[in-house]
Structure formats: structure tokens, C-alpha cells
Amino acid sequence: MAGKGIQDLVGQVMIDKEFLAELVREPARVLAGFELTPDERAAIEQALGSTTDVSDRDRARALKNVMLKRWAT
């Protein structure tokens, strides 16, 4: 049985605000539960950024935009 992949992650991010908030706060822990390619993981980490100068809300918005453009088609 295949593990959860990028489509599962995208779907959960789009419908579950609490999951998205958790992903923004603790990306490494949340992403550990998904089988992602190095490219997928890098795109997500880049979208989230690592700066504290950006609010969690803005980081979540950036992540959703990347996911919609790359995987939700």
C-alpha cells in the first residue's frame, strides 16, 4: 500500500485550516508523514521559507499558492 503523497498533502492543506497551520509551524514533522520526492519537499520548504519576518498567515498563503500552481491541476 502506497503512503500518502503530494496529492493527499495538497488536498488536506486545501480543506483543513488546522492542518495547514500545523504544517506552517512544524513542516519537518508534518511532512515526515508523506512520501514526497526531493523536488516536492524542496518546493514546499521554499514556499514556507525560514524567516521569522513573515507571518504564519503569509507563509500559509505562499504555500497554498505554490500547491495550487504545481499540483492542484
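What share of the contacts in the protein chain with a separation of 6 or more is accounted for by residues 24 or more positions apart? The share is 57%.

## Overall make-up

This is a predicted model. The protein chain holds five helices and zero strands, and its elements, read from the N terminus, follow the order α-α-α-α-α.

Of the 73 residues in the protein chain, 32% count as buried.

## Helix 1 and helix 2

Helix 2 covers residues 17-25, and its axis comes within 5 Å of the axis of helix 1. The two axes cross at roughly 115 degrees. Angles of 65 to 115 degrees count as roughly perpendicular, and helix 1 and helix 2 are therefore roughly perpendicular to each other. Helix 1 passes helix 2 in a left-handed crossing.

On the side of helix 1, the contact is made by Leu9, Gln12, Val13 and Ile15; helix 2 contributes Lys17, Phe19, Leu20 and Leu23. By class, this contact of helix 1 with helix 2 has six nonpolar residues, one polar and one charged.

## Helix 1 and helix 5

Helix 1 (residues 6-15) also pairs with helix 5 (residues 56-70): their axes come within 11 Å and cross at roughly 135 degrees. Helix 1 and helix 5 are therefore oblique to each other. The crossing in which helix 1 passes helix 5 is left-handed.

The contact joins Leu9, Val10, Val13 and Met14 of helix 1 to Lys64, Met67 and Leu68 of helix 5. Sorted by class, the contact of helix 1 with helix 5 has six nonpolar, no polar and one charged residues. Leu9 and Val13 of helix 1 take part in this contact and also in the contact with helix 2.

## Helix 4 and helix 5

Helix 4 spans residues 38-48 and packs against helix 5 at an angle of about 145 degrees. The axes of helix 4 and helix 5 are 7 Å apart. Helix 4 passes helix 5 in a right-handed crossing.

From helix 4, the residues that meet helix 5 are Asp39, Ala43, Ile44, Ala47 and Leu48. Their counterparts in helix 5 are Arg59, Ala62, Leu63, Val66, Met67 and Arg70. The residues of this contact of helix 4 with helix 5 divide into eight nonpolar, no polar and three charged.

Key. Residues are numbered from 1 along each chain as its sequence is written. This is a predicted model: local features need pLDDT of at least 70, side-chain atom pairs count only at pLDDT 80 or more; totals for chains, interfaces and linings use all residues. Side-chain values use heavy atoms; hydrogens and water are left out. Axes are lines fitted to C-alpha atoms, for helices over the stretch in contact, and angles run from 0 to 180 degrees between N-to-C directions. Helices (H or I, at least four residues) and strands (E, at least two) are DSSP runs, numbered from the N terminus. Angles under 35 degrees count as roughly parallel, over 145 as roughly antiparallel, 65 to 115 as roughly perpendicular and the rest as oblique. A crossing is left-handed if the near helix is turned anticlockwise from the far one by less than a right angle, and right-handed if clockwise. Contact means heavy atoms within 4.5 Å. Ala, Val, Leu, Ile, Met, Phe, Trp, Tyr, Cys and Pro count as nonpolar, Asp, Glu, Lys and Arg as charged, and the others, Gly among them, as polar. Buried means under 20% relative accessible area, exposed over 50%, partly exposed in between (1.4 Å probe, protein chains only).
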